[in-house]
Amino acid sequence: MSKKMWRKVNLVVFWLAILFIFTSCKKQEKDTMESELEVTGDKPGTVHLLNGFEEESDIYSIRMETTGQSDEAFTVASLSIEKNESQYIREGKGSLKYQYVRGDAPMMQLLIGESSYPELNLTDSNKISVSVYSECEQSIDATFSVVLEDSKILMKENFAIEAGKWNELDFRMSAIACKYNGNQIRGFALKLETNGEADFYIDNWSATMGAEYTEEDLKWADLIDDIIERIDALPDEIQ
């Protein structure tokens, strides 16, 4: 990658970081407006089922990664397809069964390139949804993350997973972040925090299209585009 391109990427990341800090201190606009930004993708509201976990081969779209935060020497966990117990299947004829035994709770990352829509353009994504059933005795915390090709976390959110029921997680994608990074998203990671052995069931991992831009988003997009244009205008020999 050229030095000019690195400057563009670094500046975009910098301004996105400033944007998130700014918006966290200011009440976000409730009303969204129709975007004047050029986006590509499906009609707003289109839902793509990335993985419904119907067959054993569907497991191959999931990568399990640990962060090394546990004192345990090894992580013991497994994945399989549940087809027998209907209460553990949200829709269709199967779900992903995740059995955790011990060690560092892994991130289960759904890889876009191994999903049912490997070429999906996420620059115009609205939200990512997944259904989770917990067999824990009490509620637990879960972290949902958007992971880039270089393994960096673009954005994340914490959810509470209630025991003995299906939990519907809807992760709202930042329109401004996806505009500049949507084509660099490798996948979506789900980490379920538990202190002991537990079984979980995961189903209907999907993406809903149709980015929604707030007025604040449009202002920041204009600023970032202006910076990129100025960088593009620089001579290539400038270090």
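Author: Gladly! Strands are DSSP runs of E, at least two residues, numbered from the N terminus, while helices are runs of H or I with at least four; two strands pair if DSSP finds at least two bridges between them. This is a predicted model, where local features need pLDDT of at least 70, side-chain atom pairs count only at pLDDT 80 or more, and totals for chains, interfaces and linings use all residues. Residues are numbered from 1 along each chain as its sequence is written, and side-chain values use heavy atoms, leaving out hydrogens and water.

Reader: In what order do the five strands of the open sheet run?

Author: In general, strands of a sheet pair through backbone hydrogen bonds, either parallel or antiparallel. Here the order is β2-β5-β10-β7-β8, with antiparallel pairing. β2 (62-65) and β8 (153-161) are at the edges with a single partner strand each, so one side of each lacks a neighbour in the sheet.

Reader: How many disulfides are there?

Author: A disulfide is a covalent bond between the sulfur atoms of two cysteines. With the cut-off at sulfur atoms within 2.5 Å, the count is zero.

Reader: Is Cys-178 buried or exposed?

Author: Buried means under 20% relative accessible area, exposed over 50%, and partly exposed in between, using a 1.4 Å probe and protein chains only. Cys-178 is buried at 0%, and Cys-136 also counts as buried, at 13%. Across the protein chain, buried residues make up 46% of the 239 residues.
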